[in-house]
Amino acid sequence: MLKVRLRFKKTGALVYIGHLDVMRYFQKLFRRADINVAYSEGFSPHQLLSFTPPLPLGMESDGEYADVTLKESINTKEALSRIKNASVEEIEVLSFKELPEESENAMAAVKAAGYTVTFDDDQTGQIIKDAIGSFLSKDTVNIVKKTKKNEKEINIRPLVYDLKWKYSGLYMLVSSGSVDNIKPEHVISALSGITGNVPDNKAVTIRRTDQYTRIGDDLVSLDDIGADII
Amino acid sequence: MSKLALSKEILLSVDKPARYIGHEVNAVIKDPEDKIRFAMCFPDLYEIGMSHLGIQILYDMLNSYEDVWCERVYSVWTDLHTIMKERNIPLFALESQDEIRSFDFLGITLQYEMCYTNILQILDLSHIPFYAKDRTEDDPIVICGGPCTYNPEPFADFFDIVYIGEGETRYRQLLDLYKECKNCGRSRSEFIKEAGKLPGIYAPSLYECSYNADGTLKSFNAIYDDVPAKIVKEVVVDMSDSCYPVKPVVPYIKATQDRVVLEIQRGCIRGCRFCQAGSVYKPIRHRNVEKLEEIARKMIANTGHEEISLASLSSSDYPDLERICTFLIDEFSDKHINISLPSLRVDAFSLDVMSKVQDIKKSVVTFAPEAGSQRMRNVINKGLSEEDILNGCKQAFLGGWTRVKLYFMLGLPTETEEDMEGIAILSNEIAKLYYDTIPKEERKTKVSIVSSTSFFVPKPFTPFQWASMNTMDEFRYKAHVVNEAMRRQLNYKSIRYNWHSADESVLEGVFARGDRRLSEVLIKAYEKGCMFDAWTEQFYFKPWVEAFEECGIDMKFYYNRERSYDELLPWDFIDTGVTKEFLKREYENAKQAKVTPNCREKCNGCGAARFNGGVCVESKTAV
């Protein structure tokens, strides 16, 4: 038994496939690719498979992760080639690495995520771009976070680790995961709150670039935890 | 980014956008250049349509032709329907996301009567006129197939051509004819007329009908001399030789039947007198078991599905049942692939197999006695005795099962109160049998009997095609009789009783034996918002009643009226092989509660032997 981490992209039309459907897609993908996945015990055994937190419907990503336990090893090159042959284009598996023993699972490991945001019209983009400096100069930027039950005000400023204008779009690196989860929309609304102009949510395209875990003081891509199987 | 017909804003505002995007594993993408474009439609939600084997077979077959690109299209749910109507967005096919109206063919499969208004939704959203007569050279040829085409008259006006019988046999010829007509610059109507001369193809516009003063059909004739007066159904003679989709499309969202389906045989040897499928798919033909094993392996490898299931009307009659079951268990059970075996008669063998493939605690033993008394079961020729049922249950209880499901019908011809009460008595007998069979100290749980009744709907090409169907009040009364009888049973606390809605059944009854005059009602009902009538939460009876009233059509004329043997029936121009003489004989046998043996026991001369296939050939060589 060994634990393997896959990094995959989710793009194009497949942004309309929900998280549960992505899970089902991978279960079937492993069977088609003849990857020997381990199953749980009990009356209804299921594949030992876990994912990073759900990607919102409609969002593209270059950095989604699935951890899977294998019954027998397979080298990375062979696995990637078999997976490619059994895949659809718009869910592209980029890496297949063995995880060190006792490493945290993908879901629990996530501490930060990177996003790029592009704006359908240049004017809105400009407004956001102009607000970056002011946002970064503050110690406190409060936003109202809505949960299913209530609303609460939180200071997102310490949870935004990086914020810059890059290639005609906004790049942000923010806290993510089970504690202090920040959505890119929070940052966009904070930025537009600074200027008083609120862009239409549908006029932006958000893409997750990668997800990171914390090792000491550093944020490390989830992709850099394991190693190729040779 | 790949092309999608709907904008991001729309896709993110509707329920399950994955229904509308295509891009699935094994979906076929071709270069549209010089292709005949075929849009294959199942007029219900994606999850339902994707579960249908017939479409998978035809999709695979049509795409195996180099000059054809077959794509899929399904009904759109009411949320998207509203948006598409408001913004005038045309309906599109999943693969290319191109407009349906630009296709050469729109093919619609009709599997149940309650989907008829969905045909209109598809045409409406595609911007294709409802009536075939109003279409122009710019519209696709609209064709339909499936079991409902055994009485195509209620929707005949909506289709350019109707394919009668099994789809595997005649499409190549039809498409060749289409190409030829196109190359010669011939018109749509010329193609339709030529198509109407092909075997199995019915072009409604080439026939006209007239009616008697009492509303019954007076005449039904071909307008031209060179168009056949009778259409013989198409039959796949050799099932082992016919095409089978080993690389079916794998949906992202969970389809109703999210699994590999192995069609082991087509047709049925049992002559249940209420069953249309048993009649129109005669003779029974089976697929070679080695071929099935090969198909099963390929399909699992190509789809990655975690379940495999057998499909047939009665799996227990498959000659190599034991071998195929053993194969499935040996090949797949240690690969974590679930095996599902529906339509198995409950006996020692099937219980043994089921105990190997299912968790007994969770699984249910199912019987379809269809009627509560032995007399009634003889009337419908259901070859299942009380002894069979009780023996099966006893073995199941001893094997650890505690849940039994029973299916019955109410409103069968000649039914008496005794027959209705028989449903409750039989349910009670089974519960009692559990307590008699399993000693108190070994009982881990209470026995659970779930009895359901549906209302009998007479269907064309069955011996009951002449019979009267009960009115809604009669149905409600009968359900009440059964319910009261249930309460009187000693073990009623172990029994649950469910019954179907009577108004849906009545509507099904109207359309099952309807004629061309009903197309107007369908359009009226659709305009009033009737769609997805097969979905209980979407079904509203009131607009239907209004639609019938506005058209001046009496529902009872169609569902409640007993027909005489000499009445010209709207579907009489179709020849299913089974003769009218045989059906009359069987109706008479029914009235006397006389049983007819099954096709393997004895040939009853139904007429299907003319197809020279399956059991008809088998029994002759066996003698």
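In chain B, 4 strands form an open sheet with parallel pairing, in the order β15-β16-β17-β18. Strands are DSSP runs of E of at least two residues and helices runs of H or I of at least four, numbered from the N terminus; two strands pair if DSSP finds at least two bridges between them. This is a predicted model, in which local features need pLDDT of at least 70 and side-chain atom pairs count only at pLDDT 80 or more, while totals for chains, interfaces and linings use all residues. Residues are numbered from 1 along each chain as its sequence is written, chains are lettered from A in the order in which they are written, and side-chain values use heavy atoms, without hydrogens and water.

**Sheet of chain B**
- β15 (365–370) and β18 (495–499) of chain B are the edge strands, each pairing on one side only.
- β17 (residues 448–455) of chain B pairs with β18(B) in the parallel sense over 5 bridges, and I449(B) has I495(B) as its bridge partner in β18(B).

**Contact between chains A and B**
- The contact takes 23 residues from chain A and 31 residues from chain B.
- Between chain A and chain B there are 4 salt bridges (a side-chain nitrogen of Lys or Arg within 4 Å of a carboxyl oxygen of Asp or Glu).
- K28(A) forms a salt bridge with D258(B), their closest N and O atoms lying 3.1 Å apart.

Terms used
Contact = heavy atoms within 4.5 Å.
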